[in-house]
Structures are given as C-alpha cells and as structure tokens.
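Me: I would like to go through this model by question and answer, starting with backbone geometry. Please keep to what can be computed from the atoms.

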Amino acid sequence: MEQDYEYRKKVVMEYKEAVMPLLGYLPWFEKNGGRRVSSTYGDESITEHSVSFPVYNSTVMGFVREAAKMDSIMNKNYRYVYTRNRIQSHDDERRLIQKATWKEWDVLTGILSYYVLGGRTKGLLWNEAVEEQIFYLVLKQMKDIIEYWDRPFEVAGREE
C-alpha cells in the first residue's frame, strides 16, 4: 500500500513539474474561452493570386510555442488516443477531460497534443481549441488532478 502511495506521489510531482509553465495561461483561456482568437490577413492590396492566412492572438501563439517544446506533455501519437477512446466530437473530448484522473493523464496530453501539434498543419485547430474551451478544460483538469493529490496552489496569469 505504501508503495502505491509513493509511486502515485512521484508521478503526480512529475506531472506538476511538466505542466506548471503552461498553467500560467489558464486564466487567459478562462477569460477568452468561446471567442475567436484569429483573424484573416487579407485586404484590398492583395491580388487575386495571393493567399490570405490566419493571424493569431499573441497569447495563443506563445502558449502553442511553449507547449510544443515540452516533450513531457506533447504526445506525437495523439491520434491513437482519439482512436482508442473513440473521440469524434468536442462533446466526447469534454466528457473524457472531465472524468480524467491521474491514470488518464495520457488522454489529457493526447487531446492537448491534437490541437497544439495538429494546428501546425491545420491552423484552424488553435482557434477551435480556444472557442470550444478545450485548452482551458485540459489545463484546468490537469491542475485539479495535481491539487487533489498534492495541495492547492495559485497560478500567476499571463498578461496579454
């Protein structure tokens, strides 16, 4: 029994260390959830042979850059998480996020990775993750798991 407790404590501390840099974005995602965080660059001076492209909020870009560098959080095999858990909609994602425990941390990192890494090739995913509050819900659940097994802590928010 003591070994289980020590193992769980060790794992949760590793989770905490890994996710702490990202938790600073939690207040921003809470405040801006449901909003569109990109605009399309394109005006009258763009010719018919030019391509318009999305321009993202600097906070979202900072979060994506920081998260993408974190090997302990990013799961390059996020597609397996979606297949294994039969995730097909935002409601499926929200349901799995809400019921995740420390044992399902891979589900949280898989969903986060889908949006962070997938957004590199499909740019609308970053905007979708903020509008559907997926970034917020994943970070909040990660924080809740850590606080449940460790102790409550304050998160210093990032300024926009």
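Me: Between which two helices does the loop with Arg86 lie?
Reply: This is a predicted model, in which local features need pLDDT of at least 70, side-chain atom pairs count only at pLDDT 80 or more, and totals for chains, interfaces and linings use all residues. Residues are numbered from 1 along each chain as its sequence is written, and side-chain values use heavy atoms, without hydrogens and water. Helices (H or I, at least four residues) and strands (E, at least two) are DSSP runs, numbered from the N terminus. On that numbering, the loop with Arg86 lies between α4 (78-84) and α5 (90-99).

Me: What is the phi of Arg86?
Reply: Most residues other than glycine have a negative phi. Arg86 is not a glycine, yet its phi is positive, near 55°.

Me: Is Arg86 buried or exposed, and at what relative accessible area?
Reply: Buried means under 20% relative accessible area, exposed over 50%, and partly exposed in between (1.4 Å probe, protein chains only). Arg86 counts as exposed, with a relative accessible area of 66%.

Me: What relative accessible area does Gln133 have?
Reply: Gln133 sits in the loop between α7 (124-131) and α8 (134-149). Its phi is positive, about 60°, although Gln133 is not a glycine. Gln133 is partly exposed, and its relative accessible area is 31%.

Me: In what order do the elements of the protein chain run?
Reply: The protein chain has eight helices and two strands. From the N terminus on, the order is α-α-β-β-α-α-α-α-α-α.
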